[in-house]
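I opened this notebook to record what I looked up in the model. The entries follow in the order in which I made them.

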Amino acid sequence: MDTTLSALGVGRSGRHALWHLGLACAAGGAVLEALTIAAPCAATEWLEDDDDSNASARAGTAIVIGQIIGAVGWSVAADFLGRREAIVLACVGATGTCAVAACASTPFAFEVGVAVCAASATGLFIPSLLLAVERAPVTARAGYATTLAAFVAVGSALVLGAHALLAVIAGAIASSSVGAQWRAALAFAAAMPFFAGIACARGLIESPRWLLASNKHVQLRTQTRQEAARTFNGTGTPGANRVTSILDDTLRNSGDGSKPAVPAPGQACRATVGGVNLCITGFVFLVAFGLYGITSLIRLEFASDGRNAAAPFRRRLSLSYSDSEPCPSLDYGIAFTGLAFDLIFVLIARHVVDVMGRHPCLAGLAAFAGGGLLFLCIPEYFPWAKGASINLVICMMSMARGALTNAVWLTLVYAAETHGDASRSATVAVVYSA
């Protein structure tokens, strides 16, 4: 399929598919951001009644476990149902589970709800990434797939902004509670996969490589002709005819289609545990651990008086609370700054990754992340830097977070494009779970 996709290019049809995949990824980012917001807020609400200080930690653990289980389940679903069908099904699941989690009345019900919701949201990432890698031509594959990370950041920012607006409104309503705010944020997030599912069901294409591997040749030929007509403005144009001719040659060389080419799950699992996959998994684990370390450092840095020193980055959004925000664990300034750097690094990476290569880009992202962490250490060991602005420290740490986040996404793309149809989805599931 490489020759056919190279002749087809990205074009209008590729941008149309990227837009739909971006909607799905934005919905997934919105759901996970809403769950991240809801976990500490729900713990704050129930702490008054149950005196359970571990509720937030359990909810966060449920989110992680849900994503790991969801990664395995959705990789299998993407292989047997197709990338497009898996995305639409994940949109339906994320909408329903997010709405159910918003109605949770006990901590246990909430923890189960967020775990199932996180598992459903994972289906908005893995099949989308697989379809993007399998649709894009070789010369633009990494940049095409990496762009989805920008949609994830935008979806997260939308939910965060909606929750901030709810906090502003809550300041004018004395009877408003913390529970009303995080439940409304989950309800708002549930609307995004709903509309994304409608859009994907109506306009998203299926992965051409999956159609070829599943021997759905008639559907593949019809879809490719429609894409060529959209890209080259007509079915009889030289460009469209060339794409159709190349595809026909590919289908003739692939056999008569009497036996499906989709591998058995056991073959995919054996291919997944190769040495290269283990190295990739180890790298992603280190990156994820570094990202968690940065988040922990931010919370430690601003847990005491340093938090109040970051005045431009932290606005007290509720007028009905004397000394705390509606959700004390949220810092909107730090969160928005981190998402802004996520978006900046995605926009840079998508333009250079296909030119420079994957390894130099990963090295550059690691260098940026290391620079942000070193900047945090400088005021601790050099007296002349004691007067560094705390807001500058926040920006440098957010820059490190953005670099690591993009390194994770680029590693997912690298894992997907360096493995064949037999092990691609299983490899991506392993890397995502790590």
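**Entry 1, a helix pair.** I began with helix H4 (residues 83-102) and helix H5 (residues 107-122), whose axes come within 8 Å and cross at roughly 160°. Axes here are lines fitted to C-alpha atoms over the stretch in contact, with angles from 0 to 180 degrees between N-to-C directions; helices are DSSP runs (H or I, at least four residues) numbered from the N terminus. H4 and H5 are therefore roughly antiparallel (an angle over 145 degrees). I noted that the crossing of H4 and H5 is left-handed, meaning that the near helix is turned anticlockwise from the far one by less than a right angle. On the H4 side I found Ala90, Gly93, Ala94, Thr97, Cys98 and Ala101 meeting residues of H5 that include Phe110, Gly113 and Val114 (contact: heavy atoms within 4.5 Å).

The model is predicted, with local features requiring pLDDT of at least 70, side-chain atom pairs counting only at pLDDT 80 or more, and totals for chains, interfaces and linings using all residues. Residues are numbered from 1 along each chain as its sequence is written, and side-chain values use heavy atoms, without hydrogens and water.

I read a mean pLDDT of 74 for the chain, with 72% of its residues at 70 or more; pLDDT is the predictor's confidence in each residue, from 0 to 100. Over residues 303-326 pLDDT stays under 50, and the model has 50 contacts beyond four places in sequence for them. Where pLDDT is low, the predicted coordinates should not be read in detail.

I listed Phe125, Leu129, Ala145, Thr146, Leu148, Ala149 and Val152 as touched by Trp409, leaving out residues up to four places away in sequence.

Key. Helix = DSSP H or I, 4+ residues; strand = E, 2+ residues; numbered from the N terminus. Parallel < 35°, antiparallel > 145°, perpendicular 65-115°, else oblique.
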